[in-house]
Amino acid sequence: MLGGGFFTYLAKTTAHRNTLQKCTRCNVLYNKTTDKCPHCSALNDTELSLQLSKRKATRLSLGKSMFIGAAVIILIMFLLKI
Ligand SMILES: [Zn+2]
């Protein structure tokens, strides 16, 4: 049955989601069955803060370029109207 398969799939994905937890150190989701977070357990505090600041910097530059993109689009719209 197609419907039955779908519900099995849904149950499986829900169960999968329940096995994930957010790491308190690096805020990345990881499997509950592993006792240590695979993303940051290998890093010491200095390396972790470096990683986090790098991630933050990437997010900031992305926001900036999106803002510039929006400004350019508005400028083009403004110029085309005149
Ligand atoms: Zn972690």
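**Figure legends: predicted model, overall and close-up views**

**Figure 1. Overall fold of the protein chain.** Read along the sequence, the elements of the protein chain come in the order α-β-β-α; helices (H or I, at least four residues) and strands (E, at least two) are DSSP runs, numbered from the N terminus. The radius of gyration is 22 Å, well over the 12 Å that the globule rule gives for 82 residues, so the protein chain is more spread out than a compact globule. This radius is taken over C-alpha atoms, and the globule rule is 2.2 Å times the number of residues to the power 0.38. The model is predicted: local features need pLDDT of at least 70, side-chain atom pairs count only at pLDDT 80 or more, and totals for chains, interfaces and linings use all residues. Residues are numbered from 1 along each chain as its sequence is written. Along the principal axes, the C-alpha atoms fill a box of roughly 60 × 50 × 15 Å. Of the 82 residues in the protein chain, 2% are buried. A residue counts as buried if 20 or more other C-beta atoms lie within 10 Å of its own, as exposed if 12 or fewer do, and as partly exposed in between, with C-beta atoms placed from the backbone.

**Figure 2. Surroundings of Cys37.** Cys37 sits in the loop between strand S2 (29–31) and helix H2 (45–81). Cys37 is buried because 20 other C-beta atoms lie within 10 Å. Neighbours within four places in sequence aside, Cys37 is in contact with Cys23, Arg25, Cys26, Val28 and Tyr30; contact requires C-beta atoms, placed from the backbone, within 7 Å. Ile76 is 39 residues from Cys37 along the chain, and their C-alpha atoms are separated by 47 Å.

**Figure 3. Asn27 in the loop between the strands.** Asn27 is located between strand S1 (20–22) and S2. Although not a glycine, Asn27 has a positive phi of about 60 degrees. Asn27 is exposed, with 12 other C-beta atoms within 10 Å.

Figure 4. The 37 residues of H2 reach 54 Å from the first C-alpha to the last, close to the 54 Å expected at 1.5 Å a residue; the expected span is 1.5 Å times one less than the number of residues. The number of buried residues in H2 is zero, so this helix lies largely in the open. Arg59 is part of H2 and is exposed, with 10 other C-beta atoms within 10 Å. Arg59 and His39 are 20 residues apart along the chain, with a C-alpha separation of 19 Å.

Conventions:
Contact = placed C-beta atoms within 7 Å.
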